[in-house]
Amino acid sequence: DFNNAFLVILATNNRKQNKTWAKQLSPHRLVCVVDEAGEGNVIFPAAVQRGQLQIAITTNGASPKLARSLKHDLESW
């Protein structure tokens, strides 16, 4: 399934499987490992946009839950 993929997002509920697949993928492919950012080379920041204002929130993959929580806090303001 990964042969022609430009971007791979490994987001299974299986830590071992995500790690195995991340190791097998070419270093020239964009890879996001959602449960261990250090195993991939892409992360997705949370973003809030209001008109021309845009705020991006990232923990560099260290705590996606915190980034999501901060995004929700900013959206409610």
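**View 1. K71 and E75 form a salt bridge, with their closest N and O atoms 3.9 Å apart.** Here a salt bridge is a side-chain nitrogen of Lys or Arg within 4 Å of a carboxyl oxygen of Asp or Glu. K71 and E75 are four residues apart in helix α2, so about one helical turn separates them. Helices (H or I, at least four residues) and strands (E, at least two) are DSSP runs, numbered from the N terminus. K71 is partly exposed at a relative accessible area of 25%, and E75 is partly exposed at 32%. As for these words, buried means under 20% relative accessible area, exposed means over 50%, and partly exposed lies in between (1.4 Å probe, protein chains only).

A note for all the views: this is a predicted model, in which local features need pLDDT of at least 70 and side-chain atom pairs count only at pLDDT 80 or more, while totals for chains, interfaces and linings use all residues. Residues are numbered from 1 along each chain as its sequence is written, and side-chain values use heavy atoms, with hydrogens and water left out.

**View 2. R15, D35 and E39 are linked in a network of salt bridges.** Take the pair of R15 and D35 to begin with: their closest N and O atoms are 2.8 Å apart. This pair links distant parts of the chain, as R15 sits in helix α1 and D35 in the loop between β2 and β3 (46-50), 20 residues apart. Now look at E39, which forms a salt bridge with R15 through N and O atoms that are 2.9 Å apart at their closest. E39 lies in the loop between β2 and β3 and R15 in helix α1, so the pair ties together parts that are 24 residues apart in sequence. How exposed are the three partners? R15 is partly exposed at 32% relative accessibility, D35 is partly exposed at 33%, and E39 is partly exposed at 25%. The count for the model comes to three salt bridges.

**View 3. F2 and W21 form an aromatic pair, and a search of the whole structure finds one such pair.** The ring centres of F2 and W21 are 5.7 Å apart and the planes stand at 75 degrees, so the pair is edge-to-face. The rule takes rings of Phe, Tyr and Trp (its six-membered ring) whose centres lie within 6.5 Å; planes under 30 degrees apart count as stacked, over 60 as edge-to-face and the rest as tilted. F2 belongs to the segment before β1 (7-10) and W21 to helix α1 (residues 15-24), so the pair ties together parts that are 19 residues apart in sequence. F2 is partly exposed, with 27% relative accessibility, and W21 is partly exposed, with 29%.

**View 4. R29 sits in the loop between α1 and β2.** Is R29 buried or exposed? At 16% relative accessibility, R29 counts as buried. Leaving out residues up to four places away in sequence, R29 touches F2, N3, A5, F6, V8 and N41. Contact here means heavy atoms within 4.5 Å.

**View 5. The largest pocket holds about 300 Å³ of space.** Rolling a probe the size of a water molecule over the atoms shows where empty space is left. On a 1 Å grid over the protein atoms alone, a cavity is a set of points where a 1.4 Å probe fits but cannot get out, and a pocket is an open set with protein on both sides within 12 Å along at least five of seven lines; lining residues have an atom within 4 Å of a point. Grid points are joined across faces, edges and corners, and a volume is the space filled by probe spheres set on the points. Of the 17 residues that line the largest pocket, I43, F44, P45, G61 and P64 are the closest to its centre. Both β2 (30-33) and α2 (64-76) supply at least two lining residues, and α2 gives the largest share, three residues. The lining has twelve nonpolar, four polar and one charged residues. For these classes, Ala, Val, Leu, Ile, Met, Phe, Trp, Tyr, Cys and Pro count as nonpolar, Asp, Glu, Lys and Arg as charged, and the others, Gly among them, as polar.
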